[in-house]
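Hi everyone, thanks for making time this morning. I'd like to walk you through one structure, so please have a look at the screen.

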Amino acid sequence: MLRRFCLRCARASAVILSQPSSSQTARWQQFDSLPSLELTACHFILESAARAIATRGFFSIVLSGGNAPRHVYRALCAAQTDWSVWHVYFGDERCLPADDPERNSHMAHTVWLDHVAIPSAQIHSIRGESGPDAAAASYVRELAVLGEFDLVLLGLGEDGHTASLFPGGGWEQTANLPAAIPVYDAPKPPPLRVSLSPGRLSHALQVLFLVSGNEKKQAVANWRAGVEIPASRILPTDGVDIFLYA
Ligand code: 6PG
């Protein structure tokens, strides 16, 4: 059912290729309902996993925080896949206690990760509870042994942020950022966070943005018009896919 519905959904939405910034290739898919976006996203993830497992024997996925992916994660509980070779990372994390419901890892565990057989050692949480600097440094070490991610999931904030890369952050003027960076002044609470850098988020075979909500309309319009926003700084070799319901 999942497969048939997803393929029909994918056909229901127009795929528009755009070059919003100087070097980002973006494939936009506009959906006419949130459930169709979520089911198609679930299918996209499982296709990416099947391809990676068939070619490399394992699948590395970076999870997005926020609310947009919640129902997608929940739908993955029913997936038929070899969970034993999934490796889960996080694109950002809020510096809160590990069991705080506002943690991105807490949401993913509650709706999905605690309900499937991914080995706990293969769920690579960002230790936000240790504070931005220590958590970022620890995650840099953890990522050092990994090459390209197979799939990175990202959201979009109404100010154009993605992960915890907010407009006006110090990261924008810094070259050669490490894979993970501390964030001290996030305008979206909580202020203390850790984020993967644009470069590390771009070091991926596929990047899928899940964007929903009318409040994102201006950020989407800016993005499509080529106005540089943090999301347009994500530049994987094969471009990004953007599933939109707004
Ligand atoms: C976070 C997320 C953040 C999120 C966007 C969109 O920690 O909040 O990483 O980047 O993806 O703010 O959030 P929604 O999907 O809830 O709109």
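This is a predicted model: local features need pLDDT of at least 70, side-chain atom pairs count only at pLDDT 80 or more; totals for chains, interfaces and linings use all residues.

Now, is D241 buried or exposed? With a relative accessible area of 10%, D241 is buried, because the cut-off for that class is under 20%. Its side chain has a partner too: there is a polar contact of 2.9 Å between the side chains of D241 and R27.

Staying with aspartates, let's move to D92. This residue belongs to strand β5, residues 92–94. D92 is buried as well, at 4% relative accessible area. What does the side chain of D92 contact? One partner is the side chain of S164, in a polar contact of 2.6 Å. Another is R193, whose side chain makes a polar contact of 3.5 Å with that of D92.

Where does the ligand sit? You'll find the ligand in the largest pocket. How many residues surround the ligand? The answer is 16, and the closest of them are N67, R94, H161, A163 and K216. If you sort that shell by class, you get three nonpolar, eight polar and five charged residues.

Let me pick out some individual distances to the ligand's oxygen atoms. From the side chain of K188, an N or O atom is 2.7 Å from a ligand oxygen. A163 comes in through its backbone, with an N or O atom 2.6 Å from an oxygen of the ligand. G65 also uses a backbone N or O atom, and here the distance to a ligand oxygen is 3.5 Å. As for how enclosed the ligand is, on its own it exposes 410 Å², and the protein buries 94% of that.

Where along the chain is that? A163 is in the loop between β6 (149–154) and β7. A163 counts as buried, at 13% relative accessibility.

That loop between β6 and β7 also holds N176. N176 is another residue other than glycine with a positive phi, near 50°. Buried or exposed, then? N176 counts as exposed, because its relative accessibility of 78% is over the 50% cut-off.

One more backbone feature for those of you who check omega angles. Which residues does the cis peptide bond join? It joins P189 and P190, and omega is about 0°. P190 is placed in the loop between β7 (180–183) and β8 (193–196).

Let me finish with some pairs across the chain, where separation in sequence and separation in space can be read together. Take V111 to begin with, which lies in helix α4, residues 104–111. V111 is buried, with a relative accessible area of 6%. C77 and V111 are 34 residues apart in sequence, and their C-alpha atoms are 8.2 Å apart. C77 itself is in the loop between α3 and β4, and it is partly exposed at 26%.

The next pairs share V140, in helix α5, residues 132–143. V140 is partly exposed, at 27% relative accessible area. S84 sits in the loop between α3 (70–76) and β4 (86–90), and it counts as partly exposed, at 39% relative accessibility.

Conventions. Residues are numbered from 1 along each chain as its sequence is written. Side-chain values use heavy atoms; hydrogens and water are left out. A residue is near a molecule or strand if one of its heavy atoms lies within 4 Å of it. A polar contact is a pair of N or O atoms within 3.5 Å; within protein, one must be able to donate a hydrogen and the other to accept it, and residues adjacent in sequence count only if both atoms are side-chain atoms. Accessible areas come from the Shrake-Rupley method with a 1.4 Å probe; for residues, only the protein chains shown count as cover. On a 1 Å grid over the protein atoms alone, a cavity is a set of points where a 1.4 Å probe fits but cannot get out, and a pocket is an open set with protein on both sides within 12 Å along at least five of seven lines; lining residues have an atom within 4 Å of a point. A molecule sits in a cavity or pocket if more than half of its atoms lie within 2 Å of its grid points. Ala, Val, Leu, Ile, Met, Phe, Trp, Tyr, Cys and Pro count as nonpolar, Asp, Glu, Lys and Arg as charged, and the others, Gly among them, as polar. Helices (H or I, at least four residues) and strands (E, at least two) are DSSP runs, numbered from the N terminus. Buried means under 20% relative accessible area, exposed over 50%, partly exposed in between (1.4 Å probe, protein chains only).
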